[in-house]
Structure formats: structure tokens, C-alpha cells
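I opened the entry for this chain to look up its confidence, its domains and its pockets. My notes follow in that order.

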Amino acid sequence: MEPVVEIRGVRKQFGGLTALERVDLEIRAGEIFALLGPNGAGKTTLISIIAGLLRATEGEVRVLGKDVVRDYRHTRRAIGLVPQEINFDPFFTVEETLRIQAGYFGVELREERLVEILRALDLLGKRTVNSRALSGGMKRRLLIGKALVHDPKVLFLDEPTAGVDVELRRSLWEYVRTLRARGTTVVLTTHYLEEAEELADRVGVIDRGRLLALEGKDELLRRHGAKTLRLVLDVPRAEVPPSLAALGGKLEEGGAAVAVEVPAGEGFGPVLRAAAAAGLGVKDVETRRTTLEDVFVRLLAGGQARGGR
């Protein structure tokens, strides 16, 4: 199957600053793809190039098989973009804002579609309210509505739930899943790594304009992940018993606990046997698995070490 978005050797230079360095990426039809990176990593620059708001210095980008420069009318019609910045006229009502946006794409916004969008974004009760009277979270939801009015094949969500309360964030997650089930491809950038872990099928990690990792979320967690067994001791120890030290055990809380990290695919059996053989008195046992946030931090640290920063 042909990818929905193809990025080949994309490089973007702003004067002496290299924002993107030879990025190669394919985004598949019907997936939720999370693009993660710190501030200034190049996420928004890449999305802007795909959406036609910026031109790459080098390289090629295709959306639904069409070049975003030569066939921009086709590709822009296929894309919905939720930017980080609030960018609508404050003098129109919520309904007027959505109908005007639909008109830019030559689409007549049917009543059923309008109500569906408003209800999904919890804005139905604000339909006739002037947009300048909305709260910050409501304004961000209205941005999402604007991106959906023309029923795009590819939806880019650039920090979509910033400033949104926890309950609504989870409601928006459900709506994103609904869009995916209908065949919409969703590309998500977010600082809430819990959000990416909850939603994404695949993850790309970018830093300083370079793609550091690109694979399925579950594979990424398995390959870079680990599990930690933490033994809370009944009597504090001055040092880790040799049998546990050989497994990477480390003292915590001034010797009141021993923590041992093992690869995600391995069990804790050897650790427990070593603890028993050492005669450790254990008061409590805690386990923790690696999160996407842990993997993200490790990848960035590794990328920066290779880059000499």
C-alpha cells in the first residue's frame, strides 16, 4: 500500500541554522503517528513543509502520491492542520468560524457534520457564542474543529490538547480514535508523552532536525525498555550484596532499598533468587516498567552524546 505521506531527504535551512537534516519518513494510511521531540527539534518545521506552509531547502514531500509543491491544490485539500497558535478571527461566532473555514475549501458544511464536530469537541452549547468569549481550552478545541470541516484524509495535530483539562483531553483521545477508525491518518505532536503512549501506533523521535528513532510504539518500548524490581529492606544495608551487584543492583534511600533493572523481555527470577541467597530481609516489593517518556529521554541523551552536545 502506498504511504499517505512520503518524505525523502528533506533538509531545511534558515540562514546558518539547519532546522531539518535529511529526514526520510513514511506515514501509513489509517495510523496514528506520534512525532516527538524537545522544543526546537524541528517538529513544527516538518509539519509546515508537509502542509505547504514552508518549502524545503532540499528533498521531496508527497501527500497521497502528489508533490506538495507542484500539486499543492490537491495536497492542501487532503490535509487538516491544527497549529500551536490560535489563528481565527475573534469577531465571528463558533458556527460562523467553522462555516467560513469550510468555504475556503469549497465545502458546504452540512448541519449533521457541523453538529457532529461541535458535539465531539464539547462546543455544541457554544455554537452561537462569539469566539473571543471562549476560554483558552475552548479556543483550542475550535482550532481542531476548523481542521476537520473539509473531512481531510490526513490530520496534523500540533500540541492539540495544550491548555485542555484532563477530562476533555481523554474525550479528545476517543474522538481521535474514532477518526482513525473511519480511515483518517493522524499525525500528532505532543509534550504529553502519556498522550502519545495512549494513542500512537508508531513513534518517531526527532532532535536537532535529525530522526533518531522510527518504529512501532510497542517495538520501541520492547527494544529500549526495561523493568525495575525494587526491594524495600527490613534492615538498611551499607552495600549491595555481591550476587545482586553482579545483576546491576543499586542501593536507594540510604540503603533502605535495592533496585535492579532488567531488560523488558526478561523476568525477575534471577534477582529474587540472588536476594534470597544473600539472606536479605524484604519488607516490600515494587515493580515498574519503562514508559515512553523514559525511552524518549534515553534516545535524546544518546543522540546528544553522538552529536557531541
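**Confidence, domains and pockets**

I looked up the confidence of the chain and found a mean pLDDT (the predictor's confidence in each residue, from 0 to 100) of 88, with 97% of the residues at 70 or more. This is a predicted model, in which local features need pLDDT of at least 70 and side-chain atom pairs count only at pLDDT 80 or more, while totals for chains, interfaces and linings use all residues. Residues are numbered from 1 along each chain as its sequence is written, and side-chain values use heavy atoms, with hydrogens and water left out.

I then turned to the domain assignment (bounds from an automatic or database assignment), which gives domain 1 as 3-222 and domain 2 as 226-289. The C-alpha centres of domain 1 and domain 2 are 44 Å apart.

Next I looked up the pockets (on a 1 Å grid over the protein atoms alone, open sets of points where a 1.4 Å probe fits, with protein on both sides within 12 Å along at least five of seven lines; lining residues have an atom within 4 Å of a point).

Of the 15 residues lining the second largest pocket, L54, R55, A56, V68 and V69 are the closest to its centre.
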